[in-house]
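Open the model in your viewer and keep the selection tool handy. We will go from one stop to the next.

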Amino acid sequence: MTLLTYLRRKLGLTGTKLGCAEGGCGACTVMLSRYQTHTQQLLHYAVNACLAPLCSLHLVAVTTVEGIGSVARKLHPVQERIARSHGSQCGFCTPGIVMSMYALLRNNATPKMADVEEAFHGNALTPSCLIFELENSESPSLFNAADFAPFDPTQEIIFPPELMSLTKGQGSASLRFHGDRATWLQPASLDEFLRLKWKHPDARVVVGNTEVGQSVAHKRTNAHIHTHTQTHTHTHVCFTIFVGTPCTLSHMGAVLRQEVETRPPHQTQVFLAVLEQLRWFAGLQIRNVAVSLPLLTSTQFVSAFKQSPRREDDISTVTAAMSVTFAPGTAVVEDLRLSYGGMAAVTALAGKTAARLLGRRWGEELLQDACSSLAEEMTLDPSAPGGMVTYRRTLTLSLFYKFYLTVLHKLREQGLNVEAVPSDCLSAAEVYHPETPSGVQIYQVNTVVLDDVVGRPMMHLSALKQATGEAVYCDDVPLYENELYLALVTSSKAHAHILSIDSSVAEAMPGVACCVFAEDIPGSNAVGPITYDETVLADGQVTCVGHIIGAVVADTQLAAQRAAKAVRIQYEELPHIITIQEAIAAQSFYQPIRTIESGDLEAGFKQADHILEGEMHIGGQEHFYLETNVTLAVPKGEDGEMELFVSTQSASKTQLLVAKVLGVPANRVVVRVKRMGGGFGGKETRTTVLSTVVAVAANKLKRPVRCMLDRDEDMLVTGGRHPFYGKYKVGFLNSGKVVALDVSYYSNAGNSMDLSLSIVERALFHMENSYSVANVRGRGFVCRTNLPSNTAFRGFGGPQGMMVTESWMTDVAQSLGRPAEEVRRLNLYVEGESTPYNQILDQLTLDRCWDQCLQRSGYQQRRAAADLYNRQNRWTKRGLAIVPTKFGISFTAAFLNQAGALVHIYTDGSVLLTHGGTEMGQGLHTKMVQVASRVLGIPCSKIHISETSTNTVPNTSPTAASASSDLNGAAVVNACQTLLQRLAPYKTLNPKGSWEDWVKAAYFDRVNLSANGFYNFDTNSGRAFNYFTYGVACSEVEIDCLTGAHKNLSTTIVMDVGHSLNPAIDIGQVEGAFMQGLGLFTLEELHYSPRGVLLTRGPGSYKIPAFGDIPTQLTVSLLRDAPNDKAIFASKAVGEPPLFLAASVFYAIKDAISAARVESGVSGPFRLDSPASAERIRTACCDRFTKLVQDEPGTNQGYTLSKFLLGVFHTFCRVFF
């Protein structure tokens, strides 16, 4: 049992959350405290509770988020600051962030910013948890730091005296814990450990082995014997530091830093190399749980390198450790060792290359021979696990070149007669040191009415509860007495007939209540959000890997999951289609094919001075909401009634589909949504994939049934953002003015329609982004493939449509040799122009956003500085891009543009507000309370929102399309105005009375103090959208041309959100959306095998942005004096529109790549697919190293992302022993 399971299920401490079960998100962070007898000091450290075996915590104190403060008792200063500084949105990851910071402060009461950044390395940065770092004089502060309670480290929780006494008394004692399926052995000495290992050769040795937690969570192996031992952590012997096995990486880092400070620099190169790798190895939560390191002479040089998808990561693409020893007083190589991880199943030494270079002088000739030899020696099979074959081979050369430059520079510093490192190459050998990040937020203050909360930066209503772990999410609902747990049985084939299902073994396993298959469905098995082209449970055929075939229900989660693995299914495989290219070849499309056309395309191309064609692929994206899909179904015992607690954006759709599946009217089903731990569109339709199955099981057994998907299950089953492929032909004048565009979009829909047609329609609605093109045709093809159905995701096709737009706009600028910002500005829409779908643009603020962004970013100065930097540096380049967005607001399906609200006033004057929207961290409930407060004229403290439920506001639209504040806000106003009209006579009779006086008077006069509200957009206007939200972003990046890594130096965003209802929430939405877009366009990649198996199923292999990916300088400015007369209180929607502005980072990267290509004599347009991963950046920076590594047939077709033995310590071992 893990510590997390014990906390949540045995103790009921649900503040610690389950996010991934593999130590990659930090949501489960707790603090452990241990008394160290050899130092007589307390050690506090943060760990991932999801990976910590409970047996490993003997004599350890565990502190959870509940233990350091609560709303009712007293907030800890960390909890208060993250809440009142607007650092919590969905709140699911907030307790983990709080505990990471708390553990840091317990060890260091006055940390530096670098310490804070390091503490957060193990916490995932979801797009709903961005913390403000305020440096702003133009607007009032979003919070008042003077109001915070001071931090007093003397008032912290003490270590339990009983544990201290036990620790001193027991010393190092042997322990043995027995369970039903595993035994934990903790020896007291090395001799005992060796005896136990001899007796149990298959036992896992657990000393910081975080892989054990992942093995238990994902592989669910049946038997483990854990052996734990404790020895001294480190000793000094002669010229070597020996690090004992139980020594944590964090402790080793502290020791090495101390050695670096006290020893001569030449002796500590190995220590510095190890420390540099430790900075980027996982987070403190991992380092706090798990080699001898030699001192060097002045003739020895050592460097270590690591290239991974993300710097703050523990899994590398390629690592390298390199050591060279020279004959004393010379630059002649006496010994050379080159060790690489990621080039084989084990760490590989480039022995042949090293041997060839012995006796050679360190210089350009050696470099050339070394690279040629490495290109021959360090080869990979085209189908090698992990793929990226050409990239990995190129890295072996690039990393050696970095080593070569580093050593050459140090030899020169020692006074040896060697070649000087060219000044433009020095930056290639520099060690990356992040700058302290800073942020600026600029907004317009509501100064009209002092007591009016609308327009003010009010804290998220749940922020304090989220920071203390008291906010209740779906899986936090206490267990029912007779509750059961459900586990899914899913298909392992992409397309196949089901020949047989054998569940006999599963049904006989302990704790199993029953299995559920298609024949157990009492109603209809046909479901879907629009078209009923899906099944609740597969019936005879599966159409994707992850297709739900059945479920096992048992008394515990572990029992259900074990039994589900025991269900045996036989298949007859059928031909499958996985990629867009395969679908195009097979003409596998859903109908209809959508087209938008405007102007005379043929005449436009005739008018053009130039015509170019291009194409681009945009990868998919996992939603990665921290709270995975979860449903609790409770049968009510009569009339087929059922109550469901669901983490969903669409309560009404869930209600309707569950009723359909159960064969009962919708009025027998109640769906309740308290809050979600993130949604991003992924919980709009795909939640019913789980909720319908759970409802069927609960109906069959007449008992409550719960299921919360593990991260790998959620990623496998639910689908994500649609991958897109765009082909374009564009005609333009010599000036850069675009006069004709013909573009085709192909989206990978997966195995059902879901919302794919609407998504490709929105892509077409945004095919010109913010640019006026007189003659245009866009076509949208929805590809039918054998992947889990892709679905809504923040932006809903708009980002993919606009991404292709910016690709051809960049091509136009590059083909003409003109600055991209000039070409973009030339083509921007102006007031009164018409879109391709004949909507006239009014209240256009694009030009204002553009000009302000140029000014606030200092674009011209940055451009001049970047150009100078690029002339002075060969192997690092900087790039800039400024990109606009125009995002249409409203559901494209007109009938969804409606909302309802229900407001109750109680006789004590308190108000209960309910509306049709759901809270997923976007602050919708907070804004609705602000709206009601303004209309009713009462403080927000008198208004409460409990939850969203189908028995209060019926027939609600999904909380989606960025329109929820507009729609639900107007419905709230409607209901509140009705109540005000009813109270008006009593206010007139008693003008000096209080709110409570008027309410009581109305009640005694038998006036209805409850009112429904309703609102719908005008659907007769002939407009596709109610209005548009505009924004512009300017970003600057720096790329490492040798590795493909990049740094996000700065981003400036100017966003038109009208008159903001809540600037703090809206700025948080802008920043969060931007960071999610940053992941989409530069980092996140979904990998499937050729047989349709998703290989990236967790944070270990799928990388979302981390705290270190936030631009070093991030400025967000809300456009002033831009009222919007088409939405509630002149505001504008903000949830989705800012996401695309992260494309400015992508095109800044492309700009930097262009500068690198010019150095190699290559210019003009080039293709760069999204995301701009390190592999794609490095490959596009063609140079002498890439030319040595030629593509081979089949290269880059490797799909598997197996975890290699890539740790830098493996490579060090190969170097020194």
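Predicted model: local features only at pLDDT ≥ 70, side-chain atom pairs only at ≥ 80, totals over all residues.

Which cysteine sulfur is closest to the sulfur of C28, and is that pair bonded or too far for a bond? Select C28 and C50 to find out. The closest cysteine sulfur to that of C28 is in C50, 3.6 Å away.

Now select C93. C93 is buried too, at 2%. Search for disulfides and you will find zero in the structure.

Next, show the cartoon. The chain has 35 helices and 41 strands.

Zoom out to the whole chain. Its C-alpha atoms fill a box of roughly 100 × 85 × 70 Å along the principal axes. The radius of gyration is 31 Å. A compact globule of 1217 residues would have one near 33 Å, so the chain agrees with that rule.

The chain exposes about 44,600 Å². Carbon and sulfur atoms supply 52% of that area. Of the 1217 residues, 62% are buried.

Last stop: the second largest cavity. Select H86, S88, Q89, A1064 and I1065. These lie nearest the centre of the cavity, among the eleven residues that line it. What classes make up the lining of the second largest cavity? Three residues are nonpolar, eight are polar and none are charged. The space inside the second largest cavity is about 70 Å³.

Key
Residues numbered from 1 in each chain as written. Heavy atoms only, no water. 1 Å grid on protein atoms, 1.4 Å probe; cavity = no way out; pocket = protein on both sides within 12 Å on 5 of 7 lines; lining within 4 Å. Points joined across faces, edges and corners; volume = space filled by probe spheres on them. Nonpolar A, V, L, I, M, F, W, Y, C, P; charged D, E, K, R; others polar. Disulfide = S-S within 2.5 Å. Buried < 20%, exposed > 50% of the residue type's maximum accessible area, 1.4 Å probe, protein only. Helix = DSSP H or I, 4+ residues; strand = E, 2+ residues; numbered from the N terminus. Rg over C-alpha atoms; globule rule 2.2 N^0.38 Å. Areas by Shrake-Rupley, 256 points an atom, 1.4 Å probe, with all protein chains shown as cover.
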